[in-house]
Amino acid sequence: MEVLKLILQAAPSTSDVVGVAKGISDFGMMAIAAAFFIVLAAALMWSCFAWFKTLINGMIDAQKKSMQDLLAETRAQNAALTDIAEGLRPETQLRIRNLTGFAFDLAIEKVCRLIKKVRTENHITDHEATSIKIRKSLRVIHDDRNSKFDTFTYKGKQLSSYCSEDWIEQVANVVESEIYHVDGENNSRAFSNVSLAYDNIKTEFYAKMKD
């Protein structure tokens, strides 16, 4: 009996057991709550980090695009300024005048030969056929000259852009007036009239370059 009493005295009471269980329960909930808040804080930090990273990347991309646009605009302005400066140089204008002068002088010779050729090879009483041949031949001369002008530029444009399609008709009228002149064939007169026509063309050409 004495032994039983000692065992009963040594055993924990019911209140002690309940206290221990309650403590375990409370600490378990605290651990769960702490773990939840840790996960929540980590998720919040990750979201903030991802948002901040996206914001920084967007700013970098926008800055890069702005720099590329600025660089392209700067290059375009430099090219335009180079073209303008090139056009304002006296030696450039002199070179162009010499080049185009040779081209137009050569055209005068070609047109004078065309007049002689039409007189000898064509049945000039057929005005319509003669007119068609004259304009086709002048078209060839015009396009050939423009193809050579295409290799040179002035103020950023090809020299051929300063030429006019109306020149073909202007010269054609001179050619027809010589072929059907009431005083007949006169090579000196034909050369003078064709030269005058091309002088007018050159004046128009240089005026366009100044615009």
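A salt bridge here is a side-chain nitrogen of Lys or Arg within 4 Å of a carboxyl oxygen of Asp or Glu. Keep that in mind for the pairs below. Note too that this is a predicted model.

**Stop 1: a first pair**

Select E121 and K133. They form a salt bridge, and the closest N and O atoms are 3.9 Å apart. E121 sits in helix 3 and K133 in helix 4, so look for a link between distant parts of the chain, twelve residues apart. E121 is exposed, at 54% relative accessible area. K133 is partly exposed, at 26%.

**Stop 2: from helix 4 to helix 5**

Now select R135 and E176. Their closest N and O atoms are 2.9 Å apart, again a salt bridge. R135 belongs to helix 4 and E176 to helix 5, so this pair ties together parts 41 residues apart in sequence. R135 is partly exposed, with a relative accessible area of 22%.

**Stop 3: from helix 4 to a loop**

Select R139 and E165. This salt bridge has its closest N and O atoms 2.5 Å apart. R139 is in helix 4, while E165 is in the loop between strand 2 (157-158) and helix 5. The two are 26 residues apart. Both ends are partly exposed: R139 at 31%, E165 at 45%.

Next, select D105, D199 and K202 together. A network of salt bridges links these three. How many salt bridges are there by this rule? The count comes to twelve.

**Stop 4: the whole chain**

Zoom out and color by secondary structure. The protein chain has six helices and two strands. Read along the sequence, the pattern is α-α-α-α-β-β-α-α. Of its 211 residues, 24% count as buried. The chain exposes about 14,800 Å², and carbon and sulfur atoms supply 65% of that area. Take contacts between residues at least 6 apart in sequence: 74% of them join residues at least 24 apart.

**Stop 5: the core**

Select V111, L138, V194, Y198 and F205. The largest nonpolar core has 33 residues, and these five touch the most other members. Four helices each supply at least two residues of this core: helix 3 (90-121), helix 4 (127-149), helix 5 (166-179) and helix 6 (187-210). Which helix gives the most? Helix 3 does, with ten residues.

Stay on F205 and show what surrounds it. Leave aside its neighbours within four places in sequence. F205 is then in contact with T100, F104, F149, L159, Y162, C163 and W167.

**Stop 6**

Is C163 buried or exposed? C163 is buried, because its relative accessible area is 12% and the limit for buried is under 20%. Then select C112. At 13% relative accessibility, C112 counts as buried as well. A disulfide is a covalent bond between the sulfur atoms of two cysteines. The count of disulfides in this model comes to zero.

**Stop 7: a nonpolar patch outside**

Finish on the surface. Select W51, F52, L55, I56, M59 and I60. Together they form a nonpolar patch with about 610 Å² of accessible area. Center on L55, found in helix 2 (residues 14-88). L55 is partly exposed, with a relative accessible area of 37%.

Key
Residues are numbered from 1 along each chain as its sequence is written. This is a predicted model: local features need pLDDT of at least 70, side-chain atom pairs count only at pLDDT 80 or more; totals for chains, interfaces and linings use all residues. Side-chain values use heavy atoms; hydrogens and water are left out. Patches are made of residues with over 30% relative accessible area and no salt bridge: like charges are joined within 9 Å, nonpolar side chains (Val, Leu, Ile, Met, Phe, Trp, Tyr) within 5 Å. Accessible areas come from the Shrake-Rupley method with a 1.4 Å probe; for residues, only the protein chains shown count as cover. Buried means under 20% relative accessible area, exposed over 50%, partly exposed in between (1.4 Å probe, protein chains only). A nonpolar core is a set of buried Ala, Val, Leu, Ile, Met, Phe, Trp, Tyr and Cys residues joined through side-chain atoms within 4.5 Å. Contact means heavy atoms within 4.5 Å. A disulfide is a pair of cysteine sulfur atoms within 2.5 Å.
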